Amino acid sequence: MKITFLGTGTSQGVPVIACKCEVCLSNDQKNNRLRTSILIETNDKTIVVDSGPDFRYQLLREKVEDLDAVLFTHEHKDHIAGLDDIRPFNYLLKKVIDVYATERVQTALKREFYYIFAETKYHGLPQINLHTIINGESFKIGDTEIIPLEVMHHLLPITGYRIGDFTYITDAKTISEASFEKIKGTKILVINALQKEPHISHFTLAEAIQFAQKVGAETTYLTHISHNLGLHAVVEKDLPANIRLAYDGLKIEL
Ligand SMILES: [Zn+2]
Ligand SMILES: [Zn+2]
Ligand SMILES: [Zn+2]
């Protein structure tokens, strides 16, 4: 399985429009962060987790030529806004894209992308098959088992995913013991770390490190990063050896 970080930035991305901080003005590519998303290539399927506002550019940048499924974590705009850009796969590959989301996220998708679900369909609409994620029920995409796990984004329950030895969680603030049990033993963990200052709905850097150490994965990658976290190279220097900041374009294989 191959993982590519399509984006590792928080909702505004980095640089932030009009911001003059040292992170936003940095020439180091690792301080440029598109909205958070990953690409997962298994032996038989190509999957993305979330399709945010940068989805089109991310797929162009990584030269993604196939897509089977989109897994959604939750309905915030930075995670869903790019859904229309699955259309090239509808047109070129004649594929209907499988979209996996909880009932609540599906309700939001039907509101935000009402035209996809309209009775009378325009020509050229995105073509998707909706699949319902039920907490605690694993499902398969091709040969690969996907285990959804619920984490809390302040008061909003959202979905993380465990796939074999890989676990992907973004936008978490608290994680129950029941979900921890599903994460335990993972070799690669991806977890969100927004900034050093407290935030109501996101792990801080210290909270993310604490959770990473509790899980004890071989390597943990931090994502959904704000410009407030600081310069990539400076922050990375102070991290434990097995905890790294993810960056856009980072690829891992397992
Ligand atoms: Zn987010
Ligand atoms: Zn900035
Ligand atoms: Zn969110």
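The four donor atoms around the zinc ion, ligand 1, subtend angles of 91 to 167°, so the arrangement is classed as irregular. To count as tetrahedral, four donors would need all their angles between 85 and 135 degrees. Ideal tetrahedral angles at a metal are 109.5 degrees. Keep in mind that this is a predicted model.

Which residues supply those donors to the zinc ion (ligand 1)? They are D78, through OD, H79, through NE2, D171, through OD, and H224, through NE2. Their distances from the zinc ion (ligand 1) run from 2.1 to 2.3 Å. Along the chain, the spacing of these donor residues reads D-H-x91-D-x52-H.

D171 sits in the loop between β10, residues 166-168, and α6, while H224 sits in the loop between β12 and α8. The pair therefore ties together parts that are 53 residues apart in sequence. D171 also bridges two metals, the zinc ion (ligand 1) and the zinc ion (ligand 3). Those two zinc ions lie 3.4 Å apart.

Are D171 and H224 buried or exposed? D171 has 1% relative accessibility, so D171 counts as buried. H224 also has 1% and is likewise buried.

Next, helix α7, which covers residues 205-215. Its buried residues are L205, A208, I209, F211, A212 and V215. Viewed down the helix axis, they fall within an arc of 165°, and so they line one face of α7. On the other side, A206, Q210 and Q213 are exposed.

One residue of α8 is worth a look. That helix spans residues 232-237, and E236 is part of it. E236 has 16% relative accessibility; the limit for buried is under 20%, so E236 counts as buried. Setting aside neighbours within four places in sequence, E236 is in contact with R244 and L245.

Last, the cysteines C19 and C21. C19 comes out at 21% relative accessibility, which makes it partly exposed. C21, at 24%, is partly exposed as well. How many disulfides does a search of the whole structure find? It finds zero.

Conventions
Residues numbered from 1 in each chain as written. Chains lettered and ligands numbered in written order. Predicted model: local features only at pLDDT ≥ 70, side-chain atom pairs only at ≥ 80, totals over all residues. Heavy atoms only, no water. Disulfide = S-S within 2.5 Å. Buried < 20%, exposed > 50% of the residue type's maximum accessible area, 1.4 Å probe, protein only. Helix = DSSP H or I, 4+ residues; strand = E, 2+ residues; numbered from the N terminus. Contact = heavy atoms within 4.5 Å. Arc of directions from axis to C-beta. Donors = N, O, S within 2.8 Å, 3.2 Å for Na, K, Ca; no water. Tetrahedral: all angles 85-135°; square planar, octahedral: opposite > 155°, others 65-115°.
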